[in-house]
Amino acid sequence: MGKRSPPPAGYKLRKAKQNPSRRALRATLNEMTDKTRAELAQSLQKRIDWLLDPQSAAQRNDADVMRAVLHVYAGLARWGAADVTTGQALREQMRGAAIGEFLRGDRAQAVLSAYAGEGENYAQRGRLDGYLNACQHRTAIQALQDDFAAVLAISAPLALESVGDFDDLLCEVADDATPVHRGQIPSWAPSTHWWWWKPDNITVSMREYRARLYVGELEEYEGSQPGSADWLRCEDNKCWCFTAPP
Ligand SMILES: [Zn+2]
């Protein structure tokens, strides 16, 4: 562990005003604001409307349906901490969509399989910058499995295999995963989505956290000013980062 130099009082505020890189850093944490969440909800509702619309049913193909479904679940996985009700209402609508036939289609299965493969790629980078995305992919797939269980259990050997591979890798990486901030965990996710709460004991310092996320990209625009890793704290006092060493 390198030597720690705690920032002087007021450091964070002063730097935040002077230096735009705080915003640049925080933006890459995928933080949800009220505005971005409202935009997200709108985009999810659009897909759901399309999935529920009997008029458009005739023109659908199974790959498009799976893409729309994954768009919705992936969006819900990025939902973050706030507003459980809207998130749940969106999900409730999904359960009412008569799309089982489509989800069973070969092309739909291929789309799901590719999505699981993408999640596996993120899990491969789970000890660096990939873990948050891996969690989001896994949660999206789990929600799909939960809401359309029969469809996937019976007729999706290929997709299930991809999900299985993804799961194996996620288990492997979880103990040394780069932790996610509390506010990045979707408020609706049950504790069975265990991946969000890993590793069990989080010992990572903010500097190490930064190094894991920004492997080598940071120096060019930030230099190595002391305290700058503190900008990645989310300021939630129940989050691991609140007490993490600098
Ligand atoms: Zn945090």
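From the N terminus on, the elements of the protein run α-α-α-α-α-α-α-α-α-α-α-α-α, which comes to 13 helices and 0 strands. Helices here are DSSP runs of H or I with at least four residues, and strands are E runs of at least two, numbered from the N terminus. This is a predicted model: local features need pLDDT of at least 70, side-chain atom pairs count only at pLDDT 80 or more, and totals for chains, interfaces and linings use all residues. Residues are numbered from 1 along each chain as its sequence is written.

Let's start with the whole protein. Of its 246 residues, 32% are buried (20 or more other C-beta atoms within 10 Å of the residue's own; exposed means 12 or fewer, partly exposed in between, with C-beta atoms placed from the backbone). Among contacts between residues at least 6 apart in sequence, 77% join residues at least 24 apart; a contact has the two C-beta atoms, placed from the backbone, within 7 Å.

Now look at α6. Gly87, Leu90 and Met94 are buried there. They cover an arc of only 65° around the axis, which puts them on the same side of α6; the arc is that of the directions from the helix axis to the C-beta atoms. The buried residues of α6 pack against α3 (34-52), α5 (62-77) and α9 (131-147). On the face turned away from the buried side sit the exposed residues Val84, Thr85, Ala89, Glu92 and Arg95.

A cis peptide bond, with omega about -10°, joins Lys198 and Pro199, and Pro199 lies in the loop between α11 (157-174) and α12 (206-214). Glu235, in the segment after α13 (219-222), has a positive phi of about 75° although it is not a glycine.
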